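Visitor: I am new to this structure. Please take me through one part of it closely, and then show me what lies around that part.

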There are 2 protein chains.
Amino acid sequence: MAVPNPSSIEPRRPTLADVAAIAGTSVPTVSKVLRGGTDVSLAMRRAVMAAVESVGYAPREPRRPDSDAPVLLDFVLSDVHGSWANQALTGVEEAATDAGHDVVLTIARGDGTWVQHVLRRRSAGAIITLVDPTSAQLAALRAGGVPLVLIDPMSRPPSDVASVGVTNWDGGRVAAEHLLALGHRRFAAIGGTRGHRYSRARLDGFQSAVQQAGGGPVLVEHADWRREPAALVAEALLDVPDRPTAVFACSDLMAIGVYEAARRLGLRIPDDLSVVGFDDVPEAAWGSPPLTTVRQPIAELGAAAVRMLLRVRTGRLAAVPREELATELVVRASTAPPAA
Amino acid sequence: MAVPNPSSIEPRRPTLADVAAIAGTSVPTVSKVLRGGTDVSLAMRRAVMAAVESVGYAPREPRRPDSDAPVLLDFVLSDVHGSWANQALTGVEEAATDAGHDVVLTIARGDGTWVQHVLRRRSAGAIITLVDPTSAQLAALRAGGVPLVLIDPMSRPPSDVASVGVTNWDGGRVAAEHLLALGHRRFAAIGGTRGHRYSRARLDGFQSAVQQAGGGPVLVEHADWRREPAALVAEALLDVPDRPTAVFACSDLMAIGVYEAARRLGLRIPDDLSVVGFDDVPEAAWGSPPLTTVRQPIAELGAAAVRMLLRVRTGRLAAVPREELATELVVRASTAPPAA
DNA sequence: TTGTATGCGTTATCAC
DNA sequence: GTGATAACGCATACAA
């Protein structure tokens, strides 16, 4: 929002003093927060972060290119469990090493202390994924001079933060088109966590394609990306008269949960039920039957994030970059035409 | 012991105030140094440390030997693919974070440049796994003052390098005992990479138990820890007259390969063939049927390595530590008595 | 009480 | 001068 400026006050770039005034503290304390110092209370830290965000403080120089000291990049994620994180990590590590940088792994726990860690270490840049940082946290990191790239953000990212992602909506559509082409008409879909952006996009793409083809409504439930809840939800969705003949799970792990539900209900895959997953983690190919799924280029995603980070770090870019990598359907043995 | 107090000088335990007086500073500053706070100059930090030493100050409760800036530990592995690396990473990360340290992930590529990386960064310590460092590399790291801990070394480690591992030989035995108790007598086993220490140990344990029970010879092949080669090797081992009724795979991933071989040969698990794996990665529980396997406490292994590294780093230890964590049989549905 | 920890501002300093 | 950082100690809260 443009603030009208009736008086003689010139809209100069905000300083730490401005931030301090709003946060109700001193300039050194603001500085301390932005440098990741220890002697600041959580409340004060939050107040400063909020003030930083509200005045849009940004450091004058993005950061010393810091010529030849070995550069450390932070890879921040909520946890390293699971194949997705694993693959992303591989991609990040490889691209970083190729560029001569090392990667610090930072696990973002709920308390938000990871922000201090990154700030304190004067990180040369952070790649953030599987975490939903608050806008105040993002603002603090930027104000601290840490270049950022988000991978597949959970929420809509602030418009001034770079990000990479995949064509989630498109992937959902492709999954639906495949099943429609096989002749399916009754569908169920299992989303991840309600409100996660990529879950929404995948489901929307799926539903959009189904509707466009004049297919019936899609029964949708959510299972927080986890296997066991997906199995429970799938069991409920499938244990009805006139049950769906095909299920779209928004992750491979949840698709494995659907396999389990099918086993419990005595449904054979793909004869009685077709299943499509999303991600194409290695396990997808090992299942019985091997899973038809929408492939994300996960490692490439990590590599792309590193390359983007290095661009953000060095050059100041005209526009905030946003890159989308294509998803791709991988047809294996878990899908077939519906039983007559 | 009750100390009588004849003179006026009472030998009481030193306090922070004493330290502060000698260091020529305030009590809070001393406290900050001991707590690893940020707002202390290097000179003051040193003065305080010296004073602490001279008066022999000791905290009431033992405290983390922080005293210095937050520290970066290196976790070096050959690649981060696979659940094993994933779980180990989780354990390492958690233990390091709990101790207030960050983890740099270093992938050891064949060229050995990782050693330079670690040395140049003056790493505070390195945990090495899934890599077989040459003795020259280990010597270089030690000469560079980098404390080391190996996790489950591939070769016999030099006697002056600390390591943690699991009871591999024992695990092999337990697998065999389980199958013997079910009534199996004809066995095959699939090793990892020929020459890897833990592969050897697992196979030896297995064979030792079989022989002790008077069982027949165990047919052994190697498959480099990978799924597809394991499938091929298993197919060959099982496609013979009087085929084995049970297979021991030295990793879960290879056990999944055995599942595939069984499918190709039309053998049902566990009716026609019992399978035991090793590791107990999450996927083991998802297979159909869920895999009976020898569990390694992988994350604990990583955590133990971190704790050992911190001990090696700070205290000088009497002996070179070597720690072994116990393996444990997890019985699921892939084993049953042999068909009559 | 005495000992210790925390959080903030003050003062000094540095880079333009 | 202005904007920012560095490092100390004061005031206070907390603990045995």
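Guide: Start with β2(A), a strand that is mostly covered: six of its six residues are buried. Buried means that 20 or more other C-beta atoms lie within 10 Å of the residue's own; exposed means 12 or fewer, partly exposed lies in between, and C-beta atoms are placed from the backbone. The strand itself, residues 102–107 of chain A, is a DSSP run: strands are E runs of at least two residues, helices are H or I runs of at least four, and numbering starts at the N terminus.

This is a predicted model, in which local features need pLDDT of at least 70, side-chain atom pairs count only at pLDDT 80 or more, and totals for chains, interfaces and linings use all residues. Residues are numbered from 1 along each chain as its sequence is written, while chains are lettered from A and ligands numbered from 1 in the order in which they are written.

Now look at the two faces. In a regular strand the side chains alternate between the two faces of the sheet. On one side of β2(A) sit A:D102, A:V104 and A:T106. On the other sit A:V103, A:L105 and A:I107. Both faces are covered.

Next, the neighbours. Two strands pair if DSSP finds at least two bridges between them. Within chain A, β1(A) (residues 72–77) runs parallel to β2(A), joined by six bridges. A:L72 has A:D102 as its bridge partner. Between these strands the chain passes through helix α4 (residues 82–98) of chain A, and this β-α-β crossover is right-handed. Right-handed means that, with the strands pointing away from the viewer, the path from the first strand over the helix to the second runs clockwise.

A:V103 stands opposite B:L105. A:V104 has B:V104 as its bridge partner.

Widen the view to the whole contact. It takes 24 residues from chain A and 25 residues from chain B. Residues are in contact if their C-beta atoms, placed from the backbone, lie within 7 Å. On the chain B side, the elements giving two or more residues are α4 (82–98), β2 (102–107), α5 (113–120), α10 (252–265) and α11 (282–286). Of these, β2(B) gives the most, with six residues. The chain B side divides into nine nonpolar, nine polar and seven charged residues. Here Ala, Val, Leu, Ile, Met, Phe, Trp, Tyr, Cys and Pro count as nonpolar, Asp, Glu, Lys and Arg as charged, and the others, Gly among them, as polar.

Last, a sheet elsewhere in chain A. Six strands form an open sheet in the order β7-β6-β8-β9-β10-β12, with mixed pairing. β7 (218–222) and β12 (328–330) stand at the edges with a single partner strand each, so one side of each is left without a neighbour in the sheet. Neighbouring strands are turned by 20° against each other on average, direction ignored. Inside the sheet, β8(A) (residues 246–249) and β9(A) (residues 274–279) pair in the parallel sense over three bridges. A:F248 stands opposite A:V276 there. Helix α8 (residues 197–212) of chain A packs on this sheet, and its direction makes about 170° with that of β6(A). Helix α10(A) lies across β6, β8, β9 and β10, running at about 160° to β9(A). Axes are lines fitted to C-alpha atoms, for helices over the stretch in contact, and angles run from 0 to 180 degrees between N-to-C directions.

Key: Contact = placed C-beta atoms within 7 Å.
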